[in-house]
Amino acid sequence: MSVDPRALELPGVREHPQRPEPRRMTLAERLYLPLLSGLAVTIRHMVQNLLGLRQRVTIQYPEERRRYSHRYRGHHILTTRPDGSVRCVACYLCATACPAECIHIEAGEHPDVNIEKYPVVYEIDMLRCVFCGYCVDACPEEAIIMSNNYDMAYYSRAQSIVGKADLMKPYTIDPDNLGYRPSYPEEDAQRAQMRRAAVDLVAAAKAKTGSGAATPA
Amino acid sequence: MPPELPELVARLPEGAVTESTGPDAPQDQPTWIVRREALLDVCRELQSNRATRYDLLLEMFGMDYPDRDERFEAVYHLYSIPSGERLRLKVPLAESDPVLPTVTTVWKGANWYEREAFDMFGLRFDGHPNLRRILTHEAFQGHPLRKDYDPARRWILTEDKMYMPKLEAPEKGDSMFERMTINIGPSHPAMHGTFRMIAMVDGEEIVASEVEIGYLHRCFEKMSETHTWQQVIPYTDRLNYCSSFINNVGYCRTVERMLGVEAPPKAVWARTILSEFSRVMDHCVANGSTLVDVGALTNFWYFFQPREEIYGLLESVCGARLTVSACRIGGLLADLPPDFVARCRHLLEFIPPLIDDIETLVDKNRIWLDRSVGIAAISGEDAVNWGWTGPCLRAAGVAFDSRKAHPYDLYDTVEWEVPVLRGGDVYDRYRLRMLEIRQSLAIIRQLVDRGMPEGPYVVDDPHVALPPKDACYNQMESMIYHFKLIMDGIQVPPGELYGFVEGANGELGFYCVSDGSGKPYRVRVRPPCFPLFSTFPTLMQGHTISDAIATLGGLNVIAGELER
């Protein structure tokens with residue numbers, strides 16, 4: 001089946017095969033016999049699925065949703081200061097770093113001299129965005145982060161250009177829904193710990209019922 | 001003067017071939033400057049001379065240096081499978097007369113590459129059988145990769161300029177059928193992307209055919225020239241989007257070599273593991289879609305379960321499933337999640353039973369054997385001549401794998417072998433991918449057993465990688481580096497380099513040229529499926545339309561990479 005890879009290093013010229021040598025069928029194969037073992041595989045899968053002996057691989061989207069990690073690069077969030085104003089200082093780093101050139105910022109003078117600037121307009125063209133997370137990496141103020149939200153649908157192209165108000169919508173800042181953002185190792189570890197604990201709980205419950213069966217939801 | 005081939009060089013006029021030496025010469029592989037008059041002789045000799053035997057034309061493309069006297073350059077990357085040597089030929093060409101002889105008579109695979117160089121740079125090839133545009137529309141004007149071409153130009157592309165091929169078929173023998181020309185694609189469910197195939201059929205048999213590409217042209221190479229080195233990484237995701245992680249690794253490794261930095265052990269370890277997982281995933285898609293095209297739907301579902309789980313792993317590392325952008329120049333985008341090893345172990349348990357099931361279902365299944373054995377068979381010799389690499393080449397009996405021939409990352413520290421089959425047909429391409437999935441899993445298992453290396457995930461060099469966020473928030477110096485790196489980009493020293501990795505469907509090469517300005521002067525991709533697909537009309541000669549569909553899946557042609 002496989003040749004010695006060191007053959008490549010042998011001195012001299014190794015000729016490439018001059019003609020293809022296709023596989024030959026055995027008698028059993030000619031008689032379609034291996035189909036029976038294939039049938040056994042599909043029947044085994046069917047029985048397992050019918051009796052719920054293994055976890056289903058499909059989910060009932062949109063009622064049921066796949067959980068993504070807290071690194072998921074979804075819809076952006078513009079974070080706010082404690083007083084609810086936008087944290088962004090319009091430094092344009094995100095717009096510069098963006099490989100899709102989808103961020104549009106217009107800066108204005110901030111009344112507070114310590115802050116200096118703020119974005120009068122901050123727009124992201126969601127149809128252009130490639131969700132690479134470069135804006136989050138670039139931001140020196142932690143003013144733009146990403147959420148776990150991946151369903152973005154629009155009725156028109158104009159709608160897909162999301163402005164400051166939508167990016168700052170408070171509902172997106174649900175701690176469970178946060179996505180890609182500057183990393184916090186402790187928090188990451190804590191979340192992983194929680195996920196492991198959940199998995200252990202399910203395993204323990206399965207062991208208790210005896211069959212190892214997960215009831216279909 | 002090149003050390004080999006003294007007789008050939010003696011026959012040529014003075015100065016026809018010179019070796020590029022000195023501080024400005026490329027350091028990555030030997031480079032010869034060849035005058036165009038001598039090109040065909042040199043190529044013939046290099047290809048057939050048993051001492052050199054450069055049997056594989058990896059790629060051929062154009063370069064544009066408007067400041068030079070001889071503005072254009074045709075670059076050939078040659079590879080010798082027996083000796084593992086690489087060689088670059090450069091042919092300088094004046095703007096007034098950018099004509100050079102075709103090398104399609106030496107390497108058949110040069111056909112499409114030369115068409116691309118014609119399309120993108122306006123180089124003309126004497127004696128080329130079919131020199132017309134390949135990636136752009138027939139009504140397109142100008143040559144987009146020339147430096148003076150304005151990317152904002154718009155052309156009205158009308159349908160009356162649309163190309164209709166004149167298929168030249170052999171004489172109609174005693175066939176009782178009427179000949180018919182049919183068109184499949186570009187938007188056709190069996191066409192795995194936007195390809196168009198025009199076939200002349202005699203009854204059911206294809207007597208002549210041609211394929212058209214260019215419906216998805218993404219301008220990857222042109223866009224790379226106007227963005228910083230880091231910004232190219234998300235573009236590479238979209239080359240072979242079935243295994244985007246490998247593209248990331250290929251590009252980042254190339255730039256790292258140009259910079260002279262090395263990714264830390266942890267990043268290299270993770271890159272190797274995730275590359276192999278991506279390869280498994282890519283093979284799952286290729287085999288799954290081949291089988292579904294011939295009517296074996298169940299396997300598609302079994303194949304897509306590992307893929308789904310691997311996407312979950314990638315998502316936990318980088319936050320995206322398909323277009324991962326998970327590498328950074330100098331390492332990874334983020335530290336690995338704490339449960340990385342556990343998830344890898346879970347996958348190593350989860351994938352093999354499904355692969356076993358699929359093998360039981362189809363390996364000896366006569367319905368599949370009848371559809372695949374001996375279909376679109378190619379010999380190893382021909383496959384090399386057409387420029388094939390990757391699983392399709394290994395299925396034709398040539399044991400060439402960049403991971404083995406030129407080990408990078410951790411491939412030389414693990415035990416694995418290169419599977420090789422001799423059939424060269426649809427069946428063996430399927431079978432070889434199954435064997436490779438097992439090899440990939442073996443590599444991953446060894447690396448996971450070794451444990452995650454300690455240390456940083458990205459190189460600690462503020463000229464290459466962004467400083468950590470805390471430092472950026474709290475230290476003036478880091479803040480300055482942060483701004484400099486984003487505003488000006490990584491300053492890659494002037495030079496050129498061809499970096500490569502073994503992609504899921506062949507050697508994926510990146511030829512990067514830097515002029516030291518902070519943006520790539522040129523990023524050229526060696527797309528592994530470009531030569532594969534250029535062979536398609538030849539492969540289909542004498543087969544049926546249904547065979548064509550089965551073959552297309554087995555070649556694993558990905559439009560995003562084919563047309564960049």
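What percentage of the 564 residues in chain B is buried? In this predicted model, buried residues account for 53% of the chain. Chain B is built from 20 helices and 15 strands. Its radius of gyration comes out at 24 Å, close to the 24 Å that the globule rule gives for 564 residues, so chain B is as compact as a globular protein of that length. Along the principal axes, the C-alpha trace of chain B spans about 80 × 65 × 50 Å. As for contacts within chain B between residues at least 6 apart in sequence, 67% of them join residues at least 24 apart.

Chain B splits into domain 1, covering 6-126, and domain 2, covering 220-562. The centres of these two domains of chain B sit 28 Å apart, going by C-alpha atoms. Where the domains of chain B meet, 18 residues of domain 1 are in contact with 19 residues of domain 2. On the domain 1 side, β3 (56-64) and α3 (110-121) of chain B each put in at least two residues. The biggest giver there is β3(B), with 6 residues. Sorted by class, that side of domain 1 of chain B has 9 nonpolar, 5 polar and 4 charged residues.

Then there is the meeting of the two chains. Here 53 residues of chain A are in contact with 61 residues of chain B. On the chain A side, the elements giving two or more residues are α1 (27-30), α2 (34-50), α3 (93-97), α4 (134-138) and α6 (185-209) of chain A. The class breakdown for the side of chain A that touches chain B is 30 nonpolar, 11 polar and 12 charged residues.

Definitions and conventions. Residues are numbered from 1 along each chain as its sequence is written. Chains are lettered from A and ligands numbered from 1 in the order in which they are written. This is a predicted model: local features need pLDDT of at least 70, side-chain atom pairs count only at pLDDT 80 or more; totals for chains, interfaces and linings use all residues. Domain bounds come from an automatic or database domain assignment. Two residues are in contact if their C-beta atoms, placed from the backbone, lie within 7 Å. Helices (H or I, at least four residues) and strands (E, at least two) are DSSP runs, numbered from the N terminus. Ala, Val, Leu, Ile, Met, Phe, Trp, Tyr, Cys and Pro count as nonpolar, Asp, Glu, Lys and Arg as charged, and the others, Gly among them, as polar. The radius of gyration is taken over C-alpha atoms; the globule rule is 2.2 Å times the number of residues to the power 0.38. A residue is buried if 20 or more other C-beta atoms lie within 10 Å of its own, exposed if 12 or fewer, and partly exposed in between; C-beta atoms are placed from the backbone.
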